[in-house]
Amino acid sequence: MNEIWCVAVNDAFVMGAWGREQKAPGKVRMLGDGSAEYTKKLGLELDLNARGLGLRMQRFAMIVQDGVVKDIAVEAPGKFEVSGAEAILAKL
């Protein structure tokens, strides 16, 4: 089964509201990583405490097949070049 997941360091309620606002239900599974545990395990934490934003997740896209990471594209700070839909679809 093919699925698209959106993960962010937010709670489930924020992710649910964001998903509804973006008309994602049935298309994108919205997942909250409120304590950033998953983010830390991936090594993708982004410390924005100096800006008053706390710990966040770097922007990335991952292709997973049968539970195995086949590709991960992590954006450089302030960029949106390698993790967009077009870039990921080109890798499939």
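Lysine 91 is partly exposed at 42% relative accessibility (buried is under 20% relative accessible area, exposed over 50%, partly exposed in between, with a 1.4 Å probe and protein chains only). This is a predicted model: local features need pLDDT of at least 70, side-chain atom pairs count only at pLDDT 80 or more, and totals for chains, interfaces and linings use all residues. Residues are numbered from 1 along each chain as its sequence is written, and side-chain values use heavy atoms, without hydrogens and water.

**Salt bridges**

Lysine 91 pairs with aspartate 71 in a salt bridge (a side-chain nitrogen of Lys or Arg within 4 Å of a carboxyl oxygen of Asp or Glu). Lysine 91 sits in helix H3 and aspartate 71 in strand S6, so the pair ties together parts 20 residues apart in sequence. Helices (H or I, at least four residues) and strands (E, at least two) are DSSP runs, numbered from the N terminus. Aspartate 71 is partly exposed at 23%.

The structure holds two salt bridges. Glutamate 3 also bonds this way, with arginine 29. Glutamate 3 lies in the segment before S1 and arginine 29 in strand S2, so this pair links parts 26 residues apart in sequence.

| Salt bridge | Closest N and O atoms |
|---|---|
| Lysine 91 – aspartate 71 | 2.9 Å |
| Glutamate 3 – arginine 29 | 3.0 Å |

Glutamate 3 is partly exposed at 38%. Arginine 29 is partly exposed at 43%.

**Largest pocket**

The largest pocket has a volume of about 1700 Å³. Its lining has 40 residues; the closest to its centre are Ile4, Trp5, Phe60, Ala61 and Met62. On a 1 Å grid over the protein atoms alone, a pocket is an open set of points where a 1.4 Å probe fits, with protein on both sides within 12 Å along at least five of seven lines; lining residues have an atom within 4 Å of a point. The volume is the space filled by probe spheres set on the points.

Strand S5 (60–65) gives the most to this lining, six residues. Helix H3 (85–91) is one of the elements that supply at least two. By class, the lining has 26 nonpolar, eight polar and six charged residues.

**Positive phi**

Most residues other than glycine have a negative phi. Lysine 23 has a positive phi of about 60°. Lysine 23 is in the loop between helix H1 (12–21) and strand S2 (29–32), and is exposed at 59%. Aspartate 66 has a positive phi near 50°. Aspartate 66 lies in the loop between S5 and S6, and is exposed at 77%.

How values were computed:
Nonpolar A, V, L, I, M, F, W, Y, C, P; charged D, E, K, R; others polar.
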